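Subject: Structure handover

Hello,

Here is the structure you asked to see. My notes follow below it.

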Amino acid sequence: MRAVFQRIYRLTRLAASGPRAWVGLTMFGSVLGLQFADIWVDVQMIAWYKRFYDALENLDASAAIRELWVFGAIVLLSSMIFLLGDYIRKRLLLRWRAQLTDRALDAWTNGHAYWHLRPGLSPKSVDNPDQRIAQDCRLYIELLLQETLDLIGRIVALVSYVVILWNLSDFVLHLPIFGREFAIPHYLVWLAFLYVAVSSLFTHLMGRPLKSLVFRQERREADFRYALVQLRDNAGEVAQSAGEPAERRRLAQRFDGIRHNWYRLIGREFILGLFTRPYYQSILRIPLFFSLPAYFAGAVTLGGLMQLSSAFGRVTQTLSWFIFSYRDLAEFAAVAERLDDLFASADRPPPMPGAARDIIRTTASDDALHVRGLRLVTPQGRALFPVPDRTIYPGERVWIAGASGQGKSTLLAAVSGVWPYGEGQIDRPANRILYLPQKPHLFGEGLAAAACYPEDPADFAPERIRQVLSQLGLDHRLPALDDDGPGALEGLSMGERQRLALARVLLLRPDWVALDEATSSLDATAEAEILSLINRSLPDTAILCVSHRDPFPLAPYSIWQIGLPQQDQTQQRNTA
Ligand SMILES: Nc1ncnc2c1ncn2[C@@H]1O[C@H](COP(=O)(O)OP(=O)(O)OP(=O)(O)O)[C@@H](O)[C@H]1O
């Protein structure tokens, strides 16, 4: 229970702090104030009923008409209070959600948490981070506002009801226990608290598994949604390999997960309902029974008994917030756990047990790349081939060669700073290394965004983008250049995707480039043309090229052999 409160405290602080935090807090205070004003209007309405019906009974037409005007004013005031409160509450919802989402995105993207916390790379990978950031942040704030406003409102109401009950139950109950007689003054007040405390304990014991079931349900829903997204992303491959039955099987399996957990969830809700439902239905009657000892002792009249039981009922009903809100509170606790877990894991991604994380990284003072004593291992601790020591200076071209699976891509990931497993030292240049993979991921924002990634296409002259795409053989795609939707990328062949990604090298003109089989899908002639174009256009750029084919157009280049040679190509090549 303490852990739940700590989580809620941490998350709420994240959402409600930050620049201009006072605006959010003022909004929260205003919503609360309007909630109290609404209660006051409610009280006015009750008083109005008495005045209006008295006027009717006395056949006082002018008083009745006056009360109609009062009624109109109360309705107007009540509507204004409701609408204003609702509007401010919704604005606050977005404000705190935006702040929490911002923090979650920071945590997820800073320090490469999104890279480290994937299955197989971390012992505690984070499932469905997209759902946690997109949905849980919203749900958390929604439930936070709902439960806290409700709770505060009830606490205030409780104080007034307890005062009423205390004054009404101004008599002593004499209770014989084990032969001795105990005198309990104001016994109804104590009884109300005891009754609800015992009932709350029951509710908690019966509903305890709900939180983890809700937690699991959210996860399974997200898994199912993600499986559908995967089908959309791989539509071409699935359709051409007639993979529909396999996809249906996969989707049905995910849905089965939802179904099984749902049965357990509703089963538990049923068990909880066995207690809460009768409790809900008897809460207005039980107070009457509890007040009977006072009646039979002659302490109150029948009218007093009714008044007492109604005050008692108000107190118990207000105190029963925990019982009535148990399902929502379980969801709130589950959402808080999922979100807090995301923040905690992103802050300190846990290391894989048994895999060294001892790579020392510094920024080289001479703007070169120095690799010393580097031994890379997989996350499971399997050692890859040792990487020969090497220094690469600005403007150099290097072919990183080696047979498949020996660690070339892993070396590039270590040089980029993301691969943590292994030991040795990497002193890297201060400037960013532009990395192009074999299978470039093109986001759905259109050709220009893909060609300039990760820079903003607005920073580049459209003419320059056209010229580069044309140099790379993508003239036929230029009419779609101004289309900034995913349709512009539809149908690009893998070779065209690689050409589009290579445009980044020519547009961004970085000081360092890592090409990780970035031309593997091009035919030999096109590959030679594009590599020569890059070689000519960027004479001062250092190029690290992972390739199974000799990148001779980059000549003069040297070879950095990783593991066993793939073929006999280890001699230094100095001419094209
Ligand atoms: N996340 C990971 N989990 C487990 N093993 C991994 C992981 N990443 C890489 N490896 C393993 O590390 C080894 C080196 O992989 P890497 O991709 O660096 O090879 P490569 O030399 O680039 O291969 P290729 O030429 O086929 O692209 C492989 O055996 C691979 O299975």
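Which residue forms a salt bridge with arginine 219? The partner is aspartate 127, and the closest N and O atoms of the two are 3.9 Å apart. Please bear in mind throughout that this is a predicted model.

Salt bridges

Arginine 219 sits in helix α7 (residues 210–233) and aspartate 127 in the loop between α4 (113–116) and α5, so their pairing ties together parts that are 92 residues apart in sequence. Arginine 219 is partly exposed, at 36% relative accessible area. Aspartate 127, at 14% relative accessibility, counts as buried, because the cut-off for buried is under 20%. Both residues belong to a network of salt bridges that links Lys124, Asp127, Arg132, Asp136, Arg219, Arg338 and Asp341.

The structure holds 23 salt bridges. One of them joins the side chains of arginine 10 and aspartate 340, at 2.8 Å from N to O. Arginine 10 is partly exposed, with 39% relative accessibility, whereas aspartate 340 is buried at 11%. Another salt bridge is made by the side chains of arginine 348 and aspartate 347, with an N to O distance of 3.0 Å. In that pair both residues are exposed.

Domains

The protein is divided into domain 1 (1–171 + 300–347) and domain 2 (357–442 + 492–561). Their centres, taken over C-alpha atoms, are separated by 55 Å. In the contact between them, 5 residues of domain 1 meet 7 residues of domain 2. About 510 Å² is buried between the two domains, 65% of it on carbon and sulfur atoms. The number of salt bridges between domain 1 and domain 2 is 0.

Leucine 151 is in helix α5 (residues 129–168). With 31% relative accessibility, leucine 151 counts as partly exposed. Together with Ile155, Val159 and Val163, Leu151 forms a nonpolar patch on the surface, and the four have about 320 Å² of accessible area together.

Glutamate 331 is placed in helix α13 (residues 326–347). At 17% relative accessibility, glutamate 331 counts as buried. Leaving aside residues up to four places away in sequence, glutamate 331 touches Leu139, Leu143, Val214 and Glu218.

Backbone points to check by eye

Most residues other than glycine have a negative phi, and most peptide bonds are trans. The following places depart from that.

- The peptide bond from tyrosine 453 to proline 454 is cis, with omega near 5 degrees. Proline 454 is in the loop between α15 (447–452) and α16 (462–471).
- Alanine 555 and proline 556 are also joined by a cis peptide bond, with omega about 0 degrees. Proline 556 is in the loop between β10 (542–546) and β11 (558–561).
- Alanine 242 is not a glycine but has a positive phi of about 50 degrees. Alanine 242 is in the loop between α8 (235–240) and α9 (244–282), and is exposed at 52% relative accessible area.
- Aspartate 367 likewise has a positive phi, about 65 degrees, without being a glycine. Aspartate 367 lies in the loop between β3 (357–363) and β4 (369–376), and counts as partly exposed at 32% relative accessibility.

Regards

How values were computed:
Residues are numbered from 1 along each chain as its sequence is written. This is a predicted model: local features need pLDDT of at least 70, side-chain atom pairs count only at pLDDT 80 or more; totals for chains, interfaces and linings use all residues. Side-chain values use heavy atoms; hydrogens and water are left out. Patches are made of residues with over 30% relative accessible area and no salt bridge: like charges are joined within 9 Å, nonpolar side chains (Val, Leu, Ile, Met, Phe, Trp, Tyr) within 5 Å. Accessible areas come from the Shrake-Rupley method with a 1.4 Å probe; for residues, only the protein chains shown count as cover. Helices (H or I, at least four residues) and strands (E, at least two) are DSSP runs, numbered from the N terminus. Buried means under 20% relative accessible area, exposed over 50%, partly exposed in between (1.4 Å probe, protein chains only). Domain bounds come from an automatic or database domain assignment. Contact means heavy atoms within 4.5 Å. Buried area is the accessible area (1.4 Å probe) that two parts lose on being put together, summed over both.
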